[in-house]
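Please have the structure open as you read.

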Amino acid sequence: MKKSIALFLAACLNLPLLLGIETEKNELTLIENGKSAAVIVLPDRFQHPSVEKILMESARTLSEILEEGTGAKLPVIRESSLAPGQRAILLGDTRFARSQGIDTAKMKDWEAAIKVTGNRVILAGPDRPVSANAGNRYYLHVLSSVRAMTEFLQRYAGVRFLIPGKNGIHVPRLSRLAVPSGCDLRLLPRFKYVRRRPLDMLYEIANGYLYSTDTYLYGGHSYYTAVPAEKYWKSHPEYFRLSGTVRTPHGNHLCISNPEVQELMLKEMAAKCDEGYEFVELAQTDGYTPCECENCRAFGGTDDPGEKLWILHRQLAERFLKLRPEKKVLIISYGNTFRPPKTFHSFPANTAIELCRSTEADLKAWEKCTVPQGFNVYLYNWGGFQGFIPKCTIRRLEDQFKTFSRYDVRALYLCGIGELYGLEGPQYYIFKSLMADPDRSGREILHEYCEAAFGEAKLPMEKFYIEIDDILAMRPAGYTKMDPRGLLPGLFTPSALQLLEQNLSAAEKSARDPKVKARLKLVRTEFDFLCLTVRSVVFYNAYRFNPSWENFNQLEKEVTRRNEFLDRLFGKEEKARCKGLPEWTKVKLFGPGVTREDARKNGSLSAAMGAPFDWDFPLLRKHGILPFKSIPRAVVLRVEKVPEGFDFDKGEWARAEWMEMKGIQLAEPSVPTRFKLLYDRDSLCIAFEGADRHGRVYRSLGQDGPCWGQDAFEIMLDVLGTRSEHYHFLCNFIADSRYDARNGAGQDILDPNANKSDPAWNGKWSCQVSREKDRIRALVKIDFSSFPVPPPCEGTVWTGNFGREEYHDGEKFPELLLWAPNPEARNFHDRDKFGELVFE
């Protein structure tokens, strides 16, 4: 056979940019009919011990893969042991490679050479640690020789690196392994870097996930490192955000107009580049909240917080160009700076932009701007913040890389990937293939994946993944803002799940190869969890329509089955990490660091679900409670003006009814507490009264301090009445110690405050506290101007809850009291449990 098996497969491989030639006429045969005289050769000496260790392990892996595919075992030797004229595969910066004109010192990072000279194959490129503290961590190295090795295996041996770990490597059976005699390739990666969380060296390098060797990345936010609150807050509170009249370190938000803050930012940029990096990231804090001081208000001559950041970051880039002319700045476009600047359209020559929104429309908006160093993209294709379900359609990935090609995108940072190698494996494979060639067909790549991954079971598995892709294509616009309890049943209908099950079962029945069986086991595990989640949600929705004991019992059965499944994977502890599958030691089910609690909730941010997965079913049954069967209701009486003082049994207060709090899970409280409600034209007023059993001395924690760490009254108000977001007010039993926040307002998955508490929000409200003998009283007035809705009138209905937390000596966690109890979980902020506030 004149033509190499590699050339037969070349059309469907992940081809990077090439410099050089491949000649088809003559071939060098390395292995034939299970026999070979070839050896794998490593250099005698290495400049870096860590590189030596990594390349030795890689050479052994190369030998194992070739033996699996051909039956021939190639010994690994040092170059000094290589006999004259002996056939060899030389890995790394060998003397022979240098004698053939391969000078790795002159090659770019991650540039790889594959060259055939006589009866020898050279696989080489720059290999070095990227920092002094890299140790043996492969992901802190440039390993171009390993990249050359994986390209050699993919091109000429038909190997595919499908999933991390040995069971994820597809090695076809070959009677002959040959390479073109005239092969002389220089392989340049399409992107400068493609950064992801490290798991498995060969998988990542083979699939183009290459470390950012010339760019120092903070993971999206440099302010925390440049001006850390833990270092500067006590000595320089003026460095941090002014909120109203008080400086606060909360969130590490900075006073950007402060010249000393700007100098610290510049100093941090210079320090990182002085370590050897060419680029350094410049990025505001997550959920950036602007300082309200006079100088910050005036900064930049604009009221737009995002525009102020653009102006500041451009100024810092200009100063950095003078300070380090040969270095460059990567400015993030995120949060307040999602959109391009409006007051200028040209960046300094040293500037690149890191885009966190990268659709065609987003990139088109940047056409009017001059960005000399081009764009990097921070990608949100995957991640547990979108739930543990398949996410990307093939069409989305195809469109994405065509867009990247058109708009000079030079590097990628992946915020999530690898949570579901079973259900999303083809998506990851299509992604890596389109990285190299954006013009390929995603469906053809899917076919290639299924053929390699599932062999004899390829046909039903290809149908399985096409069905998933069709399901995902039906998601409505804005689906990331939807409650997953509404989204999941609409996508994964009974008929859809049945079809998926039929195809997966057919594949399992036809599988014979042990690796194929292992891959199907991974798919089965993730699919079963998806089915259990969808079924629980379907029965939960049925219960919501008809909260009966019959539906309650059926829901409990479904949730129990799901919990038992999680117990097998994680154990019963909420913070336990997944045990994984024995066949997949390098695969972290649901992603690295995911706990049982994360999986139980179906992820984080907008994907997380409380009910029904946090319900204590036995407790509810014990107390005869059917959640949602009845909703607590409080009447809020209208008065001309709410009286001052703490006598809540006289005057207008006498008309209002006391409402009692219970333990959050229905226990009798040790500190009986109650409250009343009134409102006037301007404000809602809450009168609290409760037992004071401890007579503690409290510490004033100011505005938005850690007030939840000591005894407090709490108020949760959903002024829209939609149970989609709410406002949180907390006051301690001492003056000048209070906290407020907006909770759940950010529904965009790119918003760091999505479904979270945002203490940067400040309402207009007051709290007065009185302590007499064994009683604590508080009067809270919340101005209606704090909310984005008109003041309530007769017939208006809000939802909300009122609580108290009381610490007891020797107890780590406080006793929690709540008006509308939450027996399903210890949580004040479950909006599904809020009672109704009816204004009269």
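Predicted model: local features only at pLDDT ≥ 70, side-chain atom pairs only at ≥ 80, totals over all residues.

How are the two helices arranged? Helix α13 covers residues 425-436 and helix α14 covers residues 442-454; their axes lie 9 Å apart, and the packing angle is about 120°. That angle makes α13 oblique to α14. As for handedness, α13 and α14 form a right-handed crossing.

Next, the cysteines. How many disulfides does the model contain? The count comes to 0 disulfides. A disulfide is a covalent bond between the sulfur atoms of two cysteines, and the cut-off used here for a pair of cysteine sulfur atoms is 2.5 Å. C293 is in no disulfide, and the nearest cysteine sulfur belongs to C291, 3.6 Å away. C293 counts as buried because its relative accessibility is 7%, with buried meaning under 20%. C531 is in no disulfide either, with the sulfur of C578 as the nearest cysteine sulfur, at 18 Å. C531 also counts as buried, because its relative accessibility is 16%.

The backbone has some points to look at too. Most residues other than glycine have a negative phi, and most peptide bonds are trans. F590 is not a glycine, yet its phi is positive, at about 70°. You can find F590 in the loop between α19 (549-570) and α20. N602, likewise not a glycine, has a positive phi of about 75°, and this residue sits in the loop between α20 and α21.

Are F590 and N602 buried or exposed? F590 counts as buried because its relative accessibility is 2%, and N602 counts as buried because its value is 3%.

The table below sets out the phi values and accessibilities.

| Residue | Phi | Relative accessibility |
|---|---|---|
| F590 | about 70° | 2% |
| N602 | about 75° | 3% |

Which residues does the cis peptide bond join? A611 and P612 are the pair, with omega at about 0°. P612 is located in the loop between α20 (596-601) and α21 (617-622), and N602 is in the loop between α20 and α21 as well.

Conventions:
Residues numbered from 1 in each chain as written. Heavy atoms only, no water. Axes fitted to C-alpha atoms, helices over the stretch in contact; angles between N-to-C directions. Helix = DSSP H or I, 4+ residues; strand = E, 2+ residues; numbered from the N terminus. Parallel < 35°, antiparallel > 145°, perpendicular 65-115°, else oblique. Left-handed = near helix turned anticlockwise from the far one by under 90°. Buried < 20%, exposed > 50% of the residue type's maximum accessible area, 1.4 Å probe, protein only.
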